[in-house]
Structure formats: C-alpha cells, structure tokens
2 protein chains.
Amino acid sequence: MSLHHSPLFDKMTGYIAELQDRICAATEERDATRFRHDRWERPGGGGGESRVIQNGTLLEKGGVNVSSVHGELSEEAASALSVDSREFAACGISLVLHPVSPRIPSIHMNLRYFELESGDAWFGGGTDLTPFYPHFEDFRHFHRTLQKACEAAQPGSYRTYKEECDRYFYLPHRGEMRGVGGIFFDYLRENPEHAFALVCSVGDSFLPSYLPIVDLRRDEPNEDADREFQLFRRGRYAEFNLLYDRGTRFGLRTSGRVESILMSLPPLLSYPYDYKPPAGSAAERMQECYQPQEWAPLE
Amino acid sequence: MSLHHSPLFDKMTGYIAELQDRICAATEERDATRFRHDRWERPGGGGGESRVIQNGTLLEKGGVNVSSVHGELSEEAASALSVDSREFAACGISLVLHPVSPRIPSIHMNLRYFELESGDAWFGGGTDLTPFYPHFEDFRHFHRTLQKACEAAQPGSYRTYKEECDRYFYLPHRGEMRGVGGIFFDYLRENPEHAFALVCSVGDSFLPSYLPIVDLRRDEPNEDADREFQLFRRGRYAEFNLLYDRGTRFGLRTSGRVESILMSLPPLLSYPYDYKPPAGSAAERMQECYQPQEWAPLE
C-alpha cells in the first residue's frame, strides 16, 4: 500500500476482524439463518467483508461489516474531514441488527480508526440502542454495561460520550432521538494507545450489553400493535440515517460500497401520516424514552 | 401581511386552491376513503391546508397540500436560496399519491411561486411518475400528456423540462432515477405571466395524465412479487426524498410543518440487502426504465 500505516493500524485491523467473528458466531447460535459473506475490494486500495443476514428467525436483517481501506482522499472527502493530507488509511467495524421481534431493540455499533500520511490519526465510534417496547430495565442494562466499559478504559468518560450520543442521534425536526442513545465519540487524537484501549473495551462490551436482552425477550409474545410501532419507529431510524448520519452521507458522497453503507436501513418500515400512539399503550410509554435522560446511575 | 404581494400571487393562490379541490374530488370518486383536512398556520405568517388519505381502497397514502406563507426568511433560508431580500411570500401545491396496487404508479406534482420584497419572483414545479410494473404504454401516455401541456404554453419547452427532470430525480450513488421522470423547472423569472400560464397548463394536465392509468389498471390482478418490488422501489423513493430532494431538506431546515413535508414518504417500504430481480421477471423489465430515455416522440 502507498501509506506506511502504523503498528496501531494493524492492531486495530486484527481486533475488528476477531470481533466480527465473535459477534457473528454468537448471533448465529441464536438464529437458524447464517450470515452471507461478501468480500469486496476498493478500486483505490483495500477492501472489506460484509456479513449480512436476512429473514432470519431472530434477525429480520443484520449486518456486521469490516473494512480496511487506503489510498488518496478525494478533494471532497478531505474537505469534509477538514484535513490537508490526502494519503490515508482507515479501518473499522460497523454493525446494525434489526430483530424480527418488536420486543427486542435494534442495535448499532461502529468503531473506526483513521490515519493520514501527515501523522495525524484518530479513533471514533459509538453504539446506540433503538427499542420499541418499554422494557426500561433493558435500557438501563445497556447503559450500565457501556458505563462500565468506558470507566474501565477512561475513568469519567461515560458521561461525556453518553451526552455526545444524545446530541448525535437526534432528529432536530422531530425534537427527539432515534432511540435511547448509548455512547458516541470521535476525533480521539491524543494518546492513541489509550484511545485504542477504549475502543476495545467498547467492542468487548457489545455482546454483554445486548445478548442478555435478546435472550430475555426473544420468546416474549407480541401483538400487532407492537409490530406497527416497530415499523413506525424504524421509519424514524431510516429518516435519521438518510437525513443526518455523517457516516452514511460521507460514504455515499465518497463512493463507498452502497450496499454495505445502506445495509443499516431497516428491512421493512412505515411512514404513517401524523401518527399518534393510542392512549395508555406501550407505544405511548415509549414516546418519553426518545428524549435524552439518565439510564445509568451517576458514577 | 408585511409584504405587499402582487396580483399574480393572488391568482396563483386562487388557482392552486381550485386545483386542490378538483384533484381531491376526482380521487375521492375512486376511493371509498375520504381525505382528512388539516388546516395549519405558520407562526411567522400564513398557513396551509393538508389533505391526506390513508389506507384507502385506491390509495395506501396520499396527500394534496396547499400553502401560502409569508414573512421573513431566516438567514439560513435566504442563503440556501441565494437571495439578499428577506421579506418573502410563497405559495404552492404539493401532491404525492401512493396507490395500494403495484400495477398503478405513484405520482408526484409540485407547483410553486416565490416573491421577494426586492421584486424578484419566480415559479417552479414539476411532476414525475414512479411505476412498479412494466406498462410502458402508461409511461408514454404520461409523458405525451405533459408534452402537450408544455408545448401548449411554451412551444419547445418539453424537452428542456423533461431533461431537467431526468437530472433532478436521480440517485447518483445508485446510478438511476427514482421513476420514469416527467418534467421539472425552477427559477422561471422572465415573463411571470407566461410562466404562470405554463404552471396552469401543467396543473390542468395532472388528472388527464394520471386518471386514465388509474382507471385502466385498478382492477388488474397482481402477485406477491409485484408487491415486493413495489415496496423495494418505494425504498428508493424515500432514499431520494431524504438524501437529495431540495424541497424536503429546505422545508425541514427552515422549520416547515414536518408532517406536511414528510407526507411524501411511502406508507410501507423495504430495504432488502443487495436486491436482484429474478431473471425474466416484470421487476427485471422495470430496471431499465429507471434510466433516462425517450417516452414521448420528438416534437
């Protein structure tokens, strides 16, 4: 490759490949369907592997994608990132799971590392939960697990990243979040080894943050109204990703692999006009959850 | 109101109100469900009336909205429009119909007029068809009707507006259009009375361009594969509107009425991963239609 990437880049590439295997294996243990593996190459350098599952027993659609690319940034990409250097290397894992059951939340995680020839380098990432049913204890479990992961690597960091997530996964025209948040961080430039430790701690927390919810809720019976609300909130999910998500818009503008980028969109979704949840329904109790709030006790 | 709008503004407001009535009446003749009327006021001045139908026998979702607003443009809106003057008046009709049957195309039309205190004023608008089944003769009927409407008001204009439409309703990351196009024009500043005549000619052509298709196809039996393809293409429709449509993005950024703006989104849609139409299927024959091409003979 044209860029002499760092040993840290190799460590990150190794970590995300192993994490992809680990997450897919744990998911396949719970789904009768297997992930389809699509390896792809980037004409400018590098490539990736998308692993996608569709119409499974647990997952209606899910993707766990890794990529490691390098080459020269387009002028537009360099300008979008506000960097001077054009030679780059980037790697990351990006994951979205949309379960069949409305009683199990959708989940997203992304961990990424970016290096420029100039020596500038940074980590970014985050994870957030998009539930459709008011199992508040599940949201607390998710946030507490993330809190432990952040605090173990960077004491005091959960609050900062949690608040950043509340601001990021937000639909300003709706005045609400797409889900119940999680953590979000970007441009972690200082102390790269330290940032890598955080990224690994967050990556390792994925299965413990999510699987207990899956296992607790997967056999829970659900009603038509739950499914309807799930399709409605999936609409907000797609609305956020297409209108605001920086990764999605950056990827499409810079000619990333379209199917891997838009893998994040829900399999089936609805846009009813002027939807109002029925009074006293589970959907109505969910509405308040889409405002930023404390889900983990103050550390 | 703060802006002394022109007599032409009043004529346009009158025209779109009458057109809204005419289109809703013709639609209700064909649907067992009635339009719900939502009048709304804009805090800064003016308002509108959204007429929306959901879960009808003909239309799964449809909206025929008019608005007439005035006041002061936000700095962001003025900058987005590249204008100096901040006092404005704007009126328009915006229509999207998503039929239940995949054998009937979705359709969109928008006609609008914008006036600034500086005296600058312009018309814009267009209409486009989004079919899901290869009834090529329907696409030709639609385009020929538009061709006649354009040529009657502005000889030689169909080609220009048709090509502008091919460029506008285009998803660059997919390399395809959202449908089979139609016409699109904007910033018609010269000869306002002349432009108004075009707008009326296009508005008047709406029912003759669309109703014959509805009446011909509404009782046509359809298969599960047709519905699947309709949901898939509706995904592209939402993708276009949220990622690229200038009206949608401008409206949301400038605090328009969210439910009226996003009324355009399909009621139910899907995002399958890496979809490929079955060989020899109607869906496969449709794929070629999403590339710009001639649907009306050269004038």
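User: Why is strand E9 (residues 182–188) of chain A described as largely enclosed by the rest of the structure?

Analyst: This is a predicted model, in which local features need pLDDT of at least 70 and side-chain atom pairs count only at pLDDT 80 or more, while totals for chains, interfaces and linings use all residues. Residues are numbered from 1 along each chain as its sequence is written, and chains are lettered from A and ligands numbered from 1 in the order in which they are written. A strand is a DSSP run of E of at least two residues and a helix a run of H or I of at least four, numbered from the N terminus, and a residue is buried if 20 or more other C-beta atoms, placed from the backbone, lie within 10 Å of its own. Strand E9 of chain A is largely enclosed because five of its seven residues are buried.

User: Which residue of E9(A) stands opposite A:Gly125?

Analyst: Strand E6 (residues 121–130) of chain A runs antiparallel to E9(A), and five bridges join the two; strands count as paired if DSSP finds at least two bridges between them. The residue opposite A:Gly125 is A:Phe185.

User: In chain B, which strands stand at the edges of the open sheet of seven strands?

Analyst: The sheet of chain B has the order E1-E2-E3-E4-E5-E6-E9, with antiparallel pairing. Within it, ten bridges join strand E5 (residues 106–116) to strand E6 (residues 121–130), and B:Arg112 stands opposite B:Gly124 in E6(B). One side of each edge strand is left without a neighbour in the sheet, because each has a single partner strand, and these strands are E1 (36–41) and E9 (182–188).

User: Which helix of chain A gives the most to the side of chain A that touches chain B?

Analyst: Residues are in contact if their C-beta atoms, placed from the backbone, lie within 7 Å, and the contact takes 24 residues from chain A and 24 residues from chain B. Strand E2 (46–54), helix H7 (224–243), helix H9 (258–261) and strand E10 (268–270) of chain A each supply at least two residues of that side. With four residues, the element that gives the most is H7(A).

Definitions and conventions. A residue is buried if 20 or more other C-beta atoms lie within 10 Å of its own, exposed if 12 or fewer, and partly exposed in between; C-beta atoms are placed from the backbone. Two residues are in contact if their C-beta atoms, placed from the backbone, lie within 7 Å.
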